[in-house]
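Here are my notes on the structure, written as numbered points. Please read them with the model open beside you.

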Amino acid sequence: MLLSLLELTEAGTGEASHLPEGADWPVSLPLLQRLLSALTYRDEATVLHSRRVGLLAVGMARFLGWEEFATRQLETAALLHDLGKLGIPDHILRKPARLTPHEQEFVLLHHYIGVDLLQACRLDREIIEIVWLAHTQGRPRADESLETKGLAMQGARLLAVADAYDSLRNDQSYRRGKSHREVMRILKEDSGKEYDRNVVSALDRWIRQAGPDAIAAETGTRLTDVLETSVDAFTVAQAGTLNHLFSFLYLLEALYDGFCLLDAEQQFVVWNHGMDHLTGRSVQEMLGTAWNRRLLTFADSKRAPLADRVCPMHKSQISGLSQCQTVWLENHRTGRWHEVEVQVIPLVGEDRRPRGTALLLRNVSGERESGRYQALLAVARRDPLTGVGNRGELESRLTRMFQARRDYHSSAPFSVMFIDLDHFKSINDGFGHSVGDRVLINLARLVEDELYSGETVCRYGGEEFVVLCPETDLAAAVARAERIRTSILNASLAAPLELNVTASFGVAEAEPGDDVASLLHRADEALYEAKRLGRNRTCAHSAHHDSRLNMLEPHPLSHSAGSAPLVHVTEFETRVAADIITHKLAGFVDDMQARLTTVKPNYVDLRVGRRGLFGFWGNSPERQPVRVVLEISDPQQKGRWATELVTIRATVRPLGHCRGQERFRRRAAQVIQELRAYFAAT
């Protein structure tokens, strides 16, 4: 099986007769067609999704002015980014519900295996790096300029946005697809951390310019134009072979902490993610590099480098026999030493000629747990009622996050979010504990649906939940909390009972000098502040100053007019350039189907929503009309090198007959939230 990995490319060599004349392709098309045909046989929906992602990625890349060859590399990565689904069983692949954390890890492992397979196929390194970065680093950091990164990082960012857009737009086994407007709102809310704001903006501008059918109408030669993926007897046989390889690679991933393959020239052609973590050497650094002793520092118990005569790799090369030896290995990223068992297996073809070498590493510093122990451990980490992580899992994950920050000297932000249901005791007392349990279960599911795979939801105790948000600063975490809080407000957590359930939020970001206890304590203080101020709001505490945001009740900078209770006034700041504000406002008017009534310098009066037949408010936001007056200040520069700051004062009043102050405030909060998103407000 190891030898067959090295021979994967042999069946994919040669030219395809249907290639456009003069075309320059970054991949062997017969090999690509073979992989996609096998994936089509396994799950046609995955291939259709990959093709749509490829079209989106190509459209954005061309809109951003990418060169044609780089665009083809990106499309190839998009077509193959879900190759790992070849080995995922149906009960997970087609599960009609969100995956559990354990299942998510299982899927991620198969994505790693898919990358191993792409490496063995000797695909273009840029293509492999794009797929690798998309899976190993999560959503690329978006606070760095696109121009400062190489093709792989740029491609990973484009691929992340295209993948998220198509996944959100189309029906999934556990939820319905969302409208284009809803998807863009979600992407814009998380642009800057989860997604690159420039890429999200490019996607929005491209679709606005080309129209909703831009995906289907995108012209130009594409890989999808020249590929014909069909399922025949040969495809079925090849799919079976690839599935065997997936099963074998899964065993290697499960049994060993790291493995790699070298070809006959002793160059690394496969470098799995375990080797990355164990050695501190990245896949981008190792692929195509020839073996030498400086790359993997094998040493004895005294940390002295092994001489050639006792080095297992050298001994295997000289003798042509397998070697197994326990040595010490240095992690070049952290400087730590691990005691590892090294197995070196020479790979010999049927002609008895050496074809390559397999290197298998097992960390013997700690004993590997049995499958039953792992299952019991997974149960011990779960809350039995809601299925999310428990308090022990929360503290364990937080400890690992702080440890990783210290080990890798990372400055990447992460935040925690406390969620507490308001007046939950009254639900238990008035309707019974069964209804209370139903509310907690539905709350956990709602929060998971509103988040992404990188975040972790845990039940802290009672009606309190905590969300861990990696790669998220305080402002982004507060915006995310506000989105969840609004979703809870509009949800029916006690259905079929009609109960108005609200929640309070406390948010804090990890800061220098923090540990698990101090971070949780600060978030808990913010939650207490939200309770004290009247509940159903979000407060955020920093070690240096307090920051409170509330988008349902009046903002701390806002007030309600005393003579007119149905008035919502708030102020927010934006660093969007003054000449861009009109474009941002035009986008808001277009998407919200608003009507402008008065436009003056620094003053805009508009109407959002439509009145019903008799002027009464309806149940949908579109039937809840409001008047919005925006007063825009002149740009001000705070600090010598600071960007210009613009303050926007928004006044919202209902139009028609609105019954109930709470109903109006909810609608006003939604409109203000949309405004803040368009202006990237703080």
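1. At what angle do helix α4 (residues 68–80) and helix α8 (residues 151–169) pack, and how far apart are their axes? The angle is about 50°, and the axes are 10 Å apart. Angles of 65 to 115 degrees would count as roughly perpendicular and those under 35 degrees as roughly parallel, so α4 is oblique to α8. The crossing of these two helices, α4 and α8, is right-handed. Keep in mind throughout that this is a predicted model.

2. Which residues make that contact between α4 and α8? On the α4 side they are Ala-70, Gln-73, Leu-74, Ala-77 and Ala-78. On the α8 side they are Leu-151, Gly-155, Leu-158 and Leu-159. Sorted by class, the residues of the contact of α4 with α8 are seven nonpolar and two polar, with no charged residue.

3. For the chain as a whole, the model has 24 helices and 18 strands. The protein chain has 682 residues, of which 50% count as buried. Take the contacts in the protein chain between residues at least 6 apart in sequence: 64% of them join residues at least 24 apart.

4. From α3, the contact involves Leu-55, Leu-56, Gly-59, Met-60 and Phe-63. They meet Val-199, Ala-202, Leu-203, Arg-205, Trp-206 and Gln-209 of α10. By class, the contact of α3 with α10 has eight nonpolar residues, two polar and one charged.

5. The crossing of α18 with α22 is right-handed. Leu-394, Glu-395, Leu-398, Thr-399 and Phe-402 of α18 make the contact with Val-516, Leu-519 and Leu-520 of α22. The classes in the contact of α18 with α22 are six nonpolar, one polar and one charged.

6. Why is the pair of Phe-418 and Tyr-460 edge-to-face? The ring centres of Phe-418 and Tyr-460 are 5.1 Å apart and the planes are at 80°, so the pair is edge-to-face; the cut-off for that class is over 60 degrees. Phe-418 is in strand β7 and Tyr-460 in strand β8 (residues 456–461), so that the pair links distant parts of the chain, 42 residues apart. Phe-418 and Tyr-460 are both buried.

7. Asn-363 is in strand β6 (residues 354–363). Its relative accessibility is 17%, so Asn-363 counts as buried; the limit is under 20%. If neighbours within four places in sequence are left aside, Asn-363 is in contact with Asp-257, Leu-278, His-338, Glu-339 and Val-340.

8. Gln-673 is placed in helix α24 (residues 661–678). Gln-673 counts as buried because its relative accessibility is 13%. In sequence, Gln-673 and Arg-483 are 190 residues apart; in space, they are 8.7 Å apart, C-alpha to C-alpha.

9. Where is Lys-85 placed? Lys-85 is in the loop between α4 and α5 (90–93). Apart from neighbours within four places in sequence, Lys-85 is in contact with Arg-42, Thr-46 and Leu-93. Lys-85 and Ile-113 are 28 residues apart along the chain, and their C-alpha atoms are separated by 9.6 Å.

Definitions and conventions: Residues numbered from 1 in each chain as written. Predicted model: local features only at pLDDT ≥ 70, side-chain atom pairs only at ≥ 80, totals over all residues. Heavy atoms only, no water. Axes fitted to C-alpha atoms, helices over the stretch in contact; angles between N-to-C directions. Helix = DSSP H or I, 4+ residues; strand = E, 2+ residues; numbered from the N terminus. Parallel < 35°, antiparallel > 145°, perpendicular 65-115°, else oblique. Left-handed = near helix turned anticlockwise from the far one by under 90°. Contact = heavy atoms within 4.5 Å. Nonpolar A, V, L, I, M, F, W, Y, C, P; charged D, E, K, R; others polar. Phe/Tyr/Trp six-rings, centres within 6.5 Å; stacked < 30°, edge-to-face > 60°. Buried < 20%, exposed > 50% of the residue type's maximum accessible area, 1.4 Å probe, protein only.
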